[in-house]
Amino acid sequence: MMPCALRVAIAEDSAILRDGLVQLLVDRGFVITGAVGDPAALRSSIAQNPPDVAVIDIRMPPTFTDEGLRLALELRARHEGLGILLFSQYIETRYAADLLADDATGIGYLLKDRVADVKDFVEALERVAIGGTALDPEVVTQLLGATRRTDSLSVLTTREREVLALMAEGRSNGAIASALVVSEGAVEKHVANIFAKLDLPVSENDHRRVLAVLRFLES
Amino acid sequence: MVEQAEDSEVRVRVGGREMSLALSEEQLTALKAATRRILREPFTGRPWAELAFYFVSGGVAVLGLAFVGVTMVTGVALAITFFGLGILALSVRSARGFGGWNRGLARAMLGEDVEDPEPFVGRHGFLGWLQSSLRDRVGWRAVGYLALKVPWTVLGFLVAVSLWWDAFACLLRPFSGSNGGGPPVWGLARVVFPGNPFVFDGQGFFHGLAVFVLGFVFLFAAPWVMRGFVNVDRLMIRGLLGPDPMATRVRTLEQARTQTVDASAATLRRIERDLHDGTQAQLVALAMRLGMAKEKLEDADTVDLVRVRELVDEAHRGAKEAIAELRDIARGIHPPALDIGLEGALATLAARSAVPTDLTVDLRARPTPAIEAIAYFCVAELLANVAQHAHASRAIVSCAQQGTWLRLVVRDDGRGGAELSRLGSTSSGLAGLTDRVHAVDGRLTLVSPGGGPTVVTVDLPLAP
């Protein structure tokens, strides 16, 4: 249990999923400040009871298209420091580009499927809440697939490419180490190699690092 | 010779023998009305409007045919050069213009409202314009109209116009003296009565009277003869100057195709929505619960078995609900019941309907799968409407083969007052059905007076 429980607001129009999320997060010791089904309700819930992080479904009433995304951009502009985890049943790379346009702090974009792995999901949520980044592996895969920098990427070893992908997801060195079952020192060495090979500015800060990697892949 | 008896019996004496002709009250009234109409006709506006139309449109047609004919002959003569083809194209395009004037005249003077044909669309560049002009079906049909209309106008002049003329000539003749003053009788009357009996040279009073009476007969006959000519012209205008039946058909087909594409796009969207909101959410929640249960089981020392059991229970229930939802969605895409034939599928629908439903099916052969599917969805949607909106206690569905058509009738004893635009639970409801039915050249009609009953009839072609 964390010393100070994170406060979470949820906007998800499917009642069954909303209830499940509440159950899961309460079980994990989070405080739910509001669980609502549409953008307007989330706005008023946040105004009354500000959370640390908001979990937002992309497709919500009234038009069931990209309400969640627009709401996320709006909330980011209005509430500084509010973490936002967008939650969707499919990945649109364009949405990710919109979200990460100028800043990757406190942003997450995950497939809904990820809640099945409770631990990973909760970790991602915590990361976003404290200003980190959580991009779905699917987003990273799409970015890697679409990038024109294949020449530069080809100089990376297989392991280095795995580390790059995990960095792009927004994971810390520690998380990367445990995901690849290697030591943190080994990860640090890989990261240094990657930055050197790709000629990226070295940064200790995780979310700056994410941004650098994403810019590289998008350019 | 004709006298009317008290019991509306008309006795006719022919050659000394009396014949009795029993006329019913209605026949007698009709006879009187017809007589009155014939006597009044020359003094109403219509024959004069028709006469005016005859002259004006005839004049336009003669000018048109002269111009089109001269340009066309010139064009054909010079056809080996580009110049000749250009003249020929111009000729066809001008025929379109003359046709348009004739159509406009018919609309203005006769109230004959023939729709304008599709406008000329020239392709890019001179060659494109040339090709489009030479292949302009509307233009060529107008050439055909002019070629038919001019001989018809000439014949009309010899018959109908001359009858008008003779009517007045005969009426004036007895008053114009014996030595040939006044307008001459020269037209149809001279053909019917050869030897020119219309010139008076002392035949006496009765001869003059006979000519005068003949004038009256002509006066009352002339409007009808002229109408005959004008009506044939109307037919020609409708057939040759209206929209090209082939182009109209193509347009209808294009519309139907667009509607079908739209309808299938809407269907796909609906299915995606159903999957997204229903099954996918169900499965995510299910995976989440199993994930939670798995985590709880990992820590062997402090397993909260009660909580794990709860989670597994919920996951189990969720899985069953997801299966049921998937089944419904799959049924919306293609009803499995149709595999056993339309009759069986309709029987399932009738049995499942919330309102008690009687079904009669009379099919000699199995329709095509497309028609079966449309028939099935029509009945499904209509029965759903009956259950939702009609407040009915019974519904009757019949499905029968009538010649080359499959006729579906869904009738309920509800409150009626249904409208095509308002019926249906969603926009993809009855409007969507109408689109689907039109897509296969079928018809959907709705009769629903306030207070009921509501009867929806769908006719689908069995052979496309």
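**Close-up views of a predicted two-chain model**

**Figure 1. The end of helix 3 in chain B.** Just after helix 3 of chain B, B:Gly111 adopts a positive phi of about 70°. The model shown here and in the following views is predicted. Helix 3 of chain B covers residues 82–110, which makes 29 residues. From its first C-alpha to its last, helix 3 of chain B reaches 41 Å, close to the 42 Å expected at 1.5 Å a residue.

**Figure 2. The packing of helix 5 against helix 7 in chain B.** Two packed helices are described by the angle between their axes and the distance between the axes. Helix 5 (residues 137–172) and helix 7 (residues 205–241) of chain B pack at an angle of about 170°, and their axes lie 7 Å apart. Angles over 145 degrees count as roughly antiparallel, and helix 5 and helix 7 of chain B are therefore roughly antiparallel to each other. The residues of this contact between helix 5 and helix 7 of chain B comprise 25 nonpolar, three polar and four charged.

**Figure 3. The nonpolar cores.** The largest nonpolar core has 76 residues, of which A:Leu85, A:Leu86 and A:Ala168 touch the most other members. Helix 8 of chain B (residues 245–298) supplies the largest share of this core, with nine residues. Apart from this core lies another, of 39 residues, which includes B:Tyr54, B:Ala95, B:Leu163 and B:Leu214.

**Figure 4. The surroundings of A:Leu86.** When its neighbours within four places in sequence are left aside, A:Leu86 is in contact with A:Ile56, A:Ile58, A:Gly68, A:Leu69, A:Ala72, A:Leu99, A:Gly108 and A:Tyr109.

**Figure 5. The contact between chain B and chain A.** Here 13 residues of chain B are in contact with 14 residues of chain A. On the side of chain B that touches chain A, six residues are nonpolar, four are polar and three are charged.

**Figure 6. The two chains in outline.** Chain A contains 11 helices and six strands, and 42% of its 219 residues count as buried. Chain B contains 12 helices and eight strands, and 28% of its 464 residues count as buried. In chain A, 63% of the contacts between residues at least 6 apart in sequence join residues at least 24 apart. In chain B, residues 24 or more positions apart account for 68% of the contacts with a separation of 6 or more.

Definitions and conventions: Residues are numbered from 1 along each chain as its sequence is written. Chains are lettered from A and ligands numbered from 1 in the order in which they are written. This is a predicted model: local features need pLDDT of at least 70, side-chain atom pairs count only at pLDDT 80 or more; totals for chains, interfaces and linings use all residues. Helices (H or I, at least four residues) and strands (E, at least two) are DSSP runs, numbered from the N terminus. The expected span of a helix is 1.5 Å times one less than its number of residues. Two residues are in contact if their C-beta atoms, placed from the backbone, lie within 7 Å. Ala, Val, Leu, Ile, Met, Phe, Trp, Tyr, Cys and Pro count as nonpolar, Asp, Glu, Lys and Arg as charged, and the others, Gly among them, as polar. Axes are lines fitted to C-alpha atoms, for helices over the stretch in contact, and angles run from 0 to 180 degrees between N-to-C directions. Angles under 35 degrees count as roughly parallel, over 145 as roughly antiparallel, 65 to 115 as roughly perpendicular and the rest as oblique. A nonpolar core is a set of buried Ala, Val, Leu, Ile, Met, Phe, Trp, Tyr and Cys residues joined through C-beta atoms within 7 Å. A residue is buried if 20 or more other C-beta atoms lie within 10 Å of its own, exposed if 12 or fewer, and partly exposed in between; C-beta atoms are placed from the backbone.
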